[in-house]
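Subject: Structure for your review

Dear colleague,

I am passing on the structure we spoke about, with the sequence alongside. Please look it over before reading my notes below.

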Amino acid sequence: MSEPFLLDSNFFIEAHRTSYPFDVVPSFWIKVKELVSNGKIISIDKVQKELLKNNDELSQWCIDNLPHDFFKDTTSTIANYALLTGWVYSKSDQYSKPAISEFLDADEADAWLIAYAMTNGNQIVTHETSSPNSRKRVMLPDAATPQNVSCIKTIDLFRALGVKI
């Protein structure tokens, strides 16, 4: 897996709401903009939709600070999305039907993030944690690992890139 790192929506949401609020840790957001401009981090169109739907301070920051090409089109990943669909349906003895439906919802980013990473060799940066015994939700790391896609946390991203804020 190589750069650029692929960001889940919760990278932004958790930072904004809990770890790095705009008014307390502006250096985090300055560093994010720098990583974007250096091509070290990207995301996908489905994440963009998730971030912009709330029409809040975070969505405005994204509009003002992330170039349109930061959010990559997922159309080219449809073959890997189909493979991922087959994988999750093969787990119907583990996951409930609502969990599978939510995971494969066309407006949900998780499956598309994995398909994009499968297609392009990215690592996914997410705050989701593995829950291999979950029946009610397909967790991103649990679906990514069998596809040879790794997931890391924000702090691991910063360490991998030698970032200090």
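The notes that follow go from the overall fold to one helix and then to a few single residues.

Please keep in mind that this is a predicted model, in which local features need pLDDT of at least 70 and side-chain atom pairs count only at pLDDT 80 or more, while totals for chains, interfaces and linings use all residues. Residues are numbered from 1 along each chain as its sequence is written, and side-chain values use heavy atoms, with hydrogens and water left out.

Overall fold

The protein has nine helices and five strands, where helices (H or I, at least four residues) and strands (E, at least two) are DSSP runs numbered from the N terminus. Their order along the sequence is β-α-α-β-α-α-β-α-α-α-β-α-β-α. The radius of gyration, taken over C-alpha atoms, is 16 Å, close to the 15 Å of the globule rule (2.2 Å times the number of residues to the power 0.38) for 165 residues, so the protein is as compact as a globular protein of that length. Along the principal axes, the C-alpha atoms fill a box of roughly 45 × 30 × 25 Å.

Of the 165 residues, 50% count as buried, which here stands for under 20% relative accessible area, with exposed for over 50% and partly exposed for anything in between (1.4 Å probe, protein chains only). Among the contacts (heavy atoms within 4.5 Å) with a separation of 6 or more, 76% are between residues 24 or more positions apart. The accessible surface, from the Shrake-Rupley method with a 1.4 Å probe, comes to about 8300 Å², and 50% of it belongs to carbon and sulfur atoms.

Helix 6

In helix 6 (residues 97-104), the buried residues are Ala99, Ile100, Phe103 and Leu104. They cover an arc of only 120° around the axis, judged by the directions from the helix axis to the C-beta atoms, and this puts them on the same side of helix 6. An α-helix has 3.6 residues a turn, so residues three or four places apart point the same way. The cover over the buried residues of helix 6 includes helix 5 (78-89), helix 7 (110-120) and helix 8 (140-144), whereas the face turned away from the buried side carries the exposed residues Lys97 and Pro98.

Single residues

Aspartate 110 is located in helix 7 and counts as buried, at 11% relative accessibility. If residues up to four places away in sequence are not counted, aspartate 110 touches Asp8, Phe103, Glu128, Arg137 and Leu140.

Which phi values would you want to check? Most residues other than glycine have a negative phi. Asparagine 55, however, has a positive phi of about 50°; asparagine 55 sits in the loop between helix 3 (45-52) and helix 4 (57-65) and is exposed, with a relative accessible area of 69%. Asparagine 148 also has a positive phi, near 65°; asparagine 148 belongs to the loop between helix 8 and strand 5 (151-152) and counts as exposed at 64% relative accessibility.

Lastly, tyrosine 20 lies in the loop between helix 1 (9-19) and helix 2 (26-37). Leaving aside neighbours within four places in sequence, tyrosine 20 is in contact with Ala15, Val25, Phe28, Trp29 and Ile165.
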